[in-house]
Amino acid sequence: MKKVIGLLSAICLLTLFSAFQSSDIYKDGVRKKAVDLFRTPTSEAIPYRIPSIAKTNEGRLVAVADYRFCRADIGFGHIDLHCRLSDDNGKTWGDVFTIIEGDGKKVDDNPNLSLTAGYGDPCLVADRNSNRVLLVCVCGYQTFFASTREYPNQVAILYSEDGGKTWGAPQIITEQFYAPLDNAPMGPLKSMFIGSGRIHQSRYVKVGDYYRLYASMLARDKDNNFCNFVVYSDDFGLNWNILGGIEAAPIPSGGDEPKTEELPDGSLLLSSRCNGGRLYNIFKFSDEKAAKGSWGKHAFSGKENNGVEALNNSCNGELMVLPVRRNSDKKDMYLLLQSLPFGSGRANVGIYYKELSEVADFDTPQNVARDWDGRYQVTNKASAYSTMIQQQDGSIAFMYEEDTYGTNGGGYTMAYKNFTIDEITNGAYTLNEKVNRKKYLKKLK
């Protein structure tokens, strides 16, 4: 009898260990399973990559990803953009449909004519006051590293006027990003693209009919250095300008795919992918509506300053700021989130968090970079790019690349989970949409 009991105990322990290894376990013991939004089931299947997600003014979640017939990055051939929608905070999702199809055609003597070969690296934003959704992507048959000023990799925008259900034809806006930098100290650029995932719509700055859009771009300058700029649009993506001017890049070298987010005081935070962690910089406005101000000096965040460590990897991630209440003393404040892989290499994607309770937490890039408060691991599998948006119910919609089925480099499944701030921070903070920003800023002074 003792042998039977011992065997049953061992089986139970093994089952619990396996469950922990294969999925998240919350403090109440409930497993949270990922939803396979876009599935790459085998290494032989056409692979998915590059997650992007937005929430419409009616609460619909719009998820988009690359469908890579060419099995490589944009510029190597045929890529489509696929989409799925959810109208119930991610509980159920509609069928996969194609936003736009590439044709894989290459014109050897003039790459600029191969605009329809593929569409990839999507980034999204949904207008908070209408049903409009903007998608920005790279298009054509020119890779980032082969691109030249004469034959650049191209940038396209597409609009949906009905919350992501249907989409219009692509419009090419490439020259809006290249031309202003032709006479810059680091120009002319050889290549550029907007960082995939989420475009940020301002909470505070409205010019004309729309709240301002901020996006960030990775560029390869005339000397082949990687640098970052932030661009903004006051007409919901039709026309773009460079924030802070063309004389100096906020990340002049060493950066990679970037993201932007507003800090509670209205300044703009730039986060750039780099090996070992992140590079941060802050734009301080002297005139918000006129988009005037200046960048600070960029700072590295990693293990050495208790920042956001990326162990043996460089990977795209997402940036968010949310109003919260610290549960230990009921103090209202804001929380900064940064997603990236925790594992050695591209694995164990999760979310770092840092409370913004004092001026010194976010007044300079150096202070943003140091002393983060904690982190939450989303998966223990091989995993890479990630993005997130706040859902209508207040929780965080988290979309990420996961090697769910062991394809060993054959492509990722675009996975989705949603979390509350309490879950991410193990009960330390709770979302509080009633935080009074003016009072908060006044107390900081």
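Predicted model: local features only at pLDDT ≥ 70, side-chain atom pairs only at ≥ 80, totals over all residues.
Modeller: Residues are numbered from 1 along each chain as its sequence is written, and side-chain values use heavy atoms, without hydrogens and water.

Biologist: Why is Glu318 called buried?

Modeller: Buried means under 20% relative accessible area, with a 1.4 Å probe and protein chains only. Glu318 has 0%, so Glu318 is buried.

Biologist: What makes the pairing of Glu318 and Lys259 a polar contact?

Modeller: The term needs a pair of N or O atoms within 3.5 Å; within protein, one must be able to donate a hydrogen and the other to accept it, and residues adjacent in sequence count only if both atoms are side-chain atoms. The side chains of Glu318 and Lys259 are joined at 2.9 Å. Glu318 also makes a polar contact of 2.6 Å with the side chain of Thr387.

Biologist: How do you know that the radius of gyration of the protein chain agrees with a compact globule?

Modeller: The radius is taken over C-alpha atoms, and the globule rule is 2.2 Å times the number of residues to the power 0.38. For 445 residues a compact globule would be near 22 Å; the chain has 22 Å, so the two agree.

Biologist: What makes up the largest nonpolar core?

Modeller: A nonpolar core is a set of buried Ala, Val, Leu, Ile, Met, Phe, Trp, Tyr and Cys residues joined through side-chain atoms within 4.5 Å. The largest has 43 residues, and Leu269 and Tyr280 are among those touching the most other members.

Definitions and conventions. Buried < 20%, exposed > 50% of the residue type's maximum accessible area, 1.4 Å probe, protein only.
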